[in-house]
Amino acid sequence: MERPTRSTATPSTSTQLTSRLVLSTFARYASRGGSSATGLGFFPERGVGASLFWAPSLYWDSTARYEISEIPNDITFRRQLGFVNFNVHPNQRTDILTSLRYYTFTTGSVTTDAPLGDFNVSWRPFFGLTAGTGASIGLTRTSGDATVSESFFQRYRFYTNYAKTLTLIRYNASYTVS
């Protein structure tokens, strides 16, 4: 019995363009694999992507990322993901995080698009305690073969988290309302 051959290659780069700007890239090639881990899946996969991280000051940073991949041969599956996030830190105890994501994939004649927006504010009144609130909003739209299906969603959340590190143990308690 002949065993199927499989191989995976994932070269990547990370380049410090300036003291405040970093560019990362990757490529992924996977032949038939035998696990469900990215790049080692049951289907061959080819993909490329790039990320740009920018931190102009201590009070602001942002990331932009784009990647595209496909599963050729047996089935036709193409996936694209683009996102950008903006993080503002007005002081040492407060973080304001905003992210936008656009995800799309096509298999055969069916395309699914899923844009998402997320906003979060967190506050650390003293060491170990974090409290915050956030909201997410998105739409999933699937179209193909003369059919369109849409699903709109919203999620609102409030949370608190307390973490304390002892010599040998890390204690963590969390409560979230969605």
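**Salt bridges in the predicted model**

By salt bridge I mean a side-chain nitrogen of Lys or Arg within 4 Å of a carboxyl oxygen of Asp or Glu. Arg 157 lies in strand E10 (residues 147-165) and Asp 118 in strand E8 (residues 110-126), so this pair ties together parts that are 39 residues apart in sequence. Helices (H or I, at least four residues) and strands (E, at least two) are DSSP runs, numbered from the N terminus. Arg 157 is buried, with a relative accessible area of 9%. Buried means under 20% relative accessible area, exposed over 50%, and partly exposed in between, with a 1.4 Å probe and protein chains only.

A word on the source. This is a predicted model, where local features need pLDDT of at least 70 and side-chain atom pairs count only at pLDDT 80 or more, while totals for chains, interfaces and linings use all residues. Residues are numbered from 1 along each chain as its sequence is written, and side-chain values use heavy atoms, with hydrogens and water left out.

The whole structure has six salt bridges. Among them is Glu 67 with Arg 65, closest N and O atoms 2.9 Å apart. Glu 67 is buried at 9% relative accessibility, and Arg 65 is partly exposed at 25%. Glu 67 also pairs with Arg 79, at 3.0 Å between the closest N and O atoms. Arg 79 sits in strand E6 (residues 77-91) and Glu 67 in strand E5 (residues 60-71), so the pair links parts twelve residues apart in sequence. Arg 79 is buried, at 15%.
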